[in-house]
Amino acid sequence: MTRVFGNDAAQAAFVTAMHGGALHHAWLLTGPPGVGKATFARIAAMRMLAEARDERSSLPPGLDVPADDPTRSLIEAGSHPDFRVLARLPKDPDKPDQDIARSISIAQVRTLQPLFATTPSMGPRRVVMIDAIDDLERGGSNALLKNLEEPPAGTIFLLVSHAPGRLLPTIRSRCRLLRFGALEPAEVAAAIRAARPDLDDGEVEALVPASEGAPGKALRYAGLDLAGIDTAIARIARDGDRDNAQRLRLAKALAGKPAQPRYEAFLDRVPAFIALAARERSGLRLKAALDAHAAARDLAGAAIGLSLDAQATVFEMAGLVATLHD
């Protein structure tokens with residue numbers, strides 16, 4: 001399990017609370033996707049359960065848990081009896097990386113009830129992590145609320161949220177807020193290198209600005225020649241591509257199932273590229289860029305969900321980029 005990079009204030013606040021003698025029973029970890037909230041939740045859960053098992057307090061300061069600690073081994077193996085994670089499940093258990101459900105179901109929340117009917121197995125504490133609580137069905141939110149209002153003894157809830165404003169106010173009011181923000185470029189680079197030591201410096205350098213402060217976002221682009229995609233987008237914006245040759249070439253390169261990951265990266269990058277260009281404009285040029293950004297954002301949002309033709313979508317998106325040419 002990797003360490004958490006950045007957000008030192010949030011980490012320190014939790015450690016202080018954890019060792020303060022009265023740890024709140026529910027924590028809402030908020031911030032942009034990919035900044036390390038879920039990683040922090042797992043590490044914090046590991047530390048809390050390790051401390052609950054080891055009353056001698058022989059653990060190092062902070063949140064670290066030694067590699068040979070039994071708690072760490074059990075959590076990394078997914079078999080710790082006092083740690084439960086709720087997340088969206090694959091629709092087909094035989095294809096865990098495909099067709100993930102759109103939400104965390106009320107049935108998943110109800111599986112917690114037998115757990116809460118017993119005492120923790122390896123100490124006085126258990127941890128329930130929900131990643132992300134934004135994904136809960138409405139019925140699941142109501143079912144969880146009952147547990148937050150009357151928390152089972154010794155249970156700590158760690159709730160990851162990318163959009164806390166969408167949650168039930170009653171859930172937010174039961175939680176202590178822990179805010180995570182975008183990381184500095186050096187922190188993003190360190191996080192990328194820790195997660196993917198196989199990447200060369202050139203690729204890391206290309207991933208950092210694309211991350212927008214979120215290492216998780218950057219890592220989705222790893223191995224996809226992001227620099228090549230960005231170069232193609234920038235060239236179309238610079239030249240205008242009046243004969244459509246560049247757009248056609250890019251559309252063909254990003255079509256087909258093998259190119260799907262690069263196609264999805266392209267859909268992410270175009271709105272970001274146009275937004276960056278808009279910051280340097282004013283007047284009618286700014287309006288043109290804002291219109292292009294809105295159209296690109298809408299098209300990117302519909303492309304995957306509606307299974308739009310990839311080649312046609314790339315050609316249309318690249319055409320929006322071409323409108324930036326003066």
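Contact here means heavy atoms within 4.5 Å.

## Ground rules

This is a predicted model, with pLDDT of at least 70 needed for local features and 80 or more for side-chain atom pairs, while totals for chains, interfaces and linings use all residues. Numbering runs from 1 along each chain as its sequence is written, and side-chain values use heavy atoms, with hydrogens and water left out.

## Around D131

D131 sits in strand β3 (residues 126-131); strands are DSSP E runs of at least two residues and helices are H or I runs of at least four, numbered from the N terminus. Skipping neighbours within four places in sequence, D131 is in contact with A38, L86, A87, R88, I104 and V160.

Why does D131 count as partly exposed? Because its relative accessibility is 25%, and the classes are buried under 20% relative accessible area, exposed over 50% and partly exposed in between (1.4 Å probe, protein chains only).

## The nonpolar cores

A nonpolar core is a set of buried Ala, Val, Leu, Ile, Met, Phe, Trp, Tyr and Cys residues joined through side-chain atoms within 4.5 Å. The largest one has 79 residues, and F14, W27, F40, L158 and F266 touch the most other members. Another core, of 22 residues, lies apart from it and includes L28, F116, L144 and L145.

## Helix α9

In α9 (residues 201-211), V204, A206, L207, V208, A210 and S211 are the buried residues. Their cover includes α8 (185-195), α10 (215-220), α11 (226-239) and α13 (260-278).
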